[in-house]
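Take a walk through this model, one part at a time. Keep the sequence and the 3D view open as you read.

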Amino acid sequence: MKTIDKLITWSLLKSPWILHFNSGACNGCDIEVVDALTPKYDIERFGILLKATPRHADVLVVSGPVTRQQAKRLKTIYDQMPDPKFVMAVGACGCSGGVFDGCYGVVPGGLDHVIPVSVYIPGCPVRPEAIIDGVVKMIQSVEAASK
Amino acid sequence: MAKITIPFGPQHPALKEPENFMLVLEGEQISGSTINLGYNHRGMEKAAESRTYIQNLYLIERVCGICSHSHTTTYITNVEELAKAEVPQRALAIRTLIAELERVHSHLLWLGVAGYEMGFETLFMYTWRDREQVLDCLELLSGNRVHYSINTIGGVRRDVSAEQKAEVLKRIKFLEGRTQYYIKLALEEPTIAARTADVGKLPPEVALERGAVGPTARASGIARDVRKDEPYLLYDKLDFKLITHNTNDVFGRLVVRALELVESYKLINQVINNLPEGPISVKVPMKIAPGEAVNHYEAPRGEDIHYLKSNGTDKPERLKVRAPTLANLQSVSYMLDGGWLADVPLVIAAIDPCMSCTDRAAVWDQKKGKMAVYGWEELRKLGIEHYKHRGIDFSKL
């Protein structure tokens, strides 16, 4: 492994920056994602910061089923992220389409039919604890792979 | 001065949903705007036609994660009306309790978002911390923090025990104290007044003409509240005030929501202390006789209307949902007109949009033929900086 790659992995493990994208969710998972960032759960103390632009983000947190209107925008955002990048599917809708699977305005199947997904977090809506658990598992797997 | 058109949305970093605004600018002033919707369109009304009434309950709950109880209650009232079911009083009381808890959670959420858009992040963190108390109450009563699923056709799924009552009252008492602090903050803090007074003006006649609902209309002095106008659930037996304000601006919307929190606490106390005895649900047949029903409901954001047509089977023939944000969006383009670019995030946030997302804004300069792209975050910063130059700075507090 080159020094630069080591540095990138190190900074990713110490402080993953996330971008939150609503691809057509009901807002339930979105408020829980924000909840995870506010004082009760406060994942910012682990260095996890919410960013406004995909170009600064390591992890794309996607909530909701992918609506047909949002699918190409989601792909663009994914392409704008620098490598190495990870995608978290938050909630039942992101994992499989959930209750909206089969609706005409929604891309059939889950988020993984549009972009590659690294972590699936089930729940409708997900609890903030589940989001934190998902982030920890992702960090552990990256750590294991980098050794 | 050259006119500039900036597209706003639909990708977003914070908690808002996808939506697009096209703003026409003259310098920093807005001279016109168009709203484009449909980024969040999933096709739920059509999907409802292929699912049974009980399955639809869980689909309709997911119209919106913030006002999920509002949608299910309106839907279920229609179903029960068509099935001619007599819902027990205790079930109606529990529905009222959850409805008011939901209003508290939604208004606290809004206060936080408004603080964030103003650049007053301490307020955002404070209200979201306090909001956890309501979420704990909802979890205690229904088993879930966001989608409560307390409603079932013919009543409610869960009863309320004496211990739960005591726990909820304890938390509401804590919130009452906190809310007094927020009201003091809203009314007396000069920085909040400077950021919100005379911003996003909506005169009463325009609010009526454009069909504004909920706190947006009430802040323009229009006494319109479904809970008072056409009481449903137990509201005709409960004592509460209809809050209005006559400043017609973002400040008024802030004050209305803060004072409504106090009314909601009053309602919660009344319902819990006078919970009627009896069963919590009745049996309703799977198949519903042909008919049509319309019901409305005062959701945290305003009037929510549902139309339901049944055809004698166990699935509805047609379901139509008119959410409050759609009614309020008509007023947004008026509020934005003549305002400053720096006020846009706050004005849009002030109607508490339930499906808005605004992230990317590209500034198109026709004279130079150049395009500059603003993110929502940068636009928010622009707003905060714009006011800092005019001496309004929250970081000095």
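How many residues of domain 1 of chain B are in contact with domain 2 of chain B? There are 14 on the domain 1 side, and they meet 19 residues of domain 2 of chain B. Two residues are in contact if their C-beta atoms, placed from the backbone, lie within 7 Å. A word on the ground rules: this is a predicted model, in which local features need pLDDT of at least 70, side-chain atom pairs count only at pLDDT 80 or more, and totals for chains, interfaces and linings use all residues. Residues are numbered from 1 along each chain as its sequence is written, while chains are lettered from A and ligands numbered from 1 in the order in which they are written.

Start with the domains of chain B. Domain 1 covers 3-40 + 343-396, and domain 2 covers 44-322. These bounds come from an automatic or database domain assignment. On the side of domain 1 that touches domain 2, the elements giving two or more residues are α13 (344-350) and α14 (376-388) of chain B. Helices (H or I, at least four residues) and strands (E, at least two) are DSSP runs, numbered from the N terminus. α13(B) gives the most to this side, with five residues. By class, this side of domain 1 has 11 nonpolar, no polar and three charged residues. Here Ala, Val, Leu, Ile, Met, Phe, Trp, Tyr, Cys and Pro count as nonpolar, Asp, Glu, Lys and Arg as charged, and the others, Gly among them, as polar.

Now look at where the two chains meet. 36 residues of chain B are in contact with 35 residues of chain A. On the chain B side, α1 (44-49), α2 (53-61), α5 (121-142) and α14 each supply at least two residues. The largest share, four residues, comes from α5(B). The chain B side divides into 19 nonpolar, nine polar and eight charged residues.

Turn to chain A. Chain A has five helices and five strands. From the N terminus on, they run α-β-α-β-β-α-β-α-β-α. The C-alpha trace of chain A spans about 50 × 35 × 25 Å along its principal axes. A compact globule of 147 residues would have a radius of gyration near 15 Å, and chain A agrees, because its value is 15 Å. That radius is taken over C-alpha atoms, and the globule rule is 2.2 Å times the number of residues to the power 0.38. Of the 147 residues of chain A, 46% count as buried. A residue is buried if 20 or more other C-beta atoms lie within 10 Å of its own, exposed if 12 or fewer, and partly exposed in between, with C-beta atoms placed from the backbone.

Chain A also holds two cis peptide bonds to look at. One runs from A:Asp83 to A:Pro84, with omega near -10°. A:Pro84 sits in the loop between α3 (68-80) and β4 (86-90) of chain A. Another runs from A:Cys124 to A:Pro125, with omega near -10°. A:Pro125 lies in the loop between β5 (119-121) and α5 (128-146) of chain A. Most residues other than glycine have a negative phi, and most peptide bonds are trans.

Back in chain B, find the open sheet of three strands, ordered β6-β7-β8 with antiparallel pairing. Two strands pair if DSSP finds at least two bridges between them. β6 and β8 of chain B are the edge strands, each pairing on one side only. Nine bridges join β6 (residues 291-299) to β7 (residues 302-310) of chain B, and a hairpin links β6(B) to β7(B) through two residues. B:Ala299 stands opposite B:Gly302 in β7(B). β7(B) pairs with β8 (residues 316-322) of chain B over six bridges. Their hairpin has five residues between the strands, and B:Gly312 there takes a positive phi near 95°. Helix α12 (residues 324-336) of chain B lies across β6, β7 and β8 of chain B, at about 130° to β7(B). Axes are lines fitted to C-alpha atoms, for helices over the stretch in contact, and angles run from 0 to 180 degrees between N-to-C directions.

Finish with two loops of chain B. B:Ser149 has a positive phi of about 50° although it is not a glycine. B:Ser149 is found in the loop between α5 and β4 (151-152) of chain B. B:Asp198 has a positive phi of about 60° and is not a glycine either. B:Asp198 lies in the loop between α7 (190-196) and α8 of chain B. B:Asp198 counts as partly exposed because 14 other C-beta atoms lie within 10 Å.
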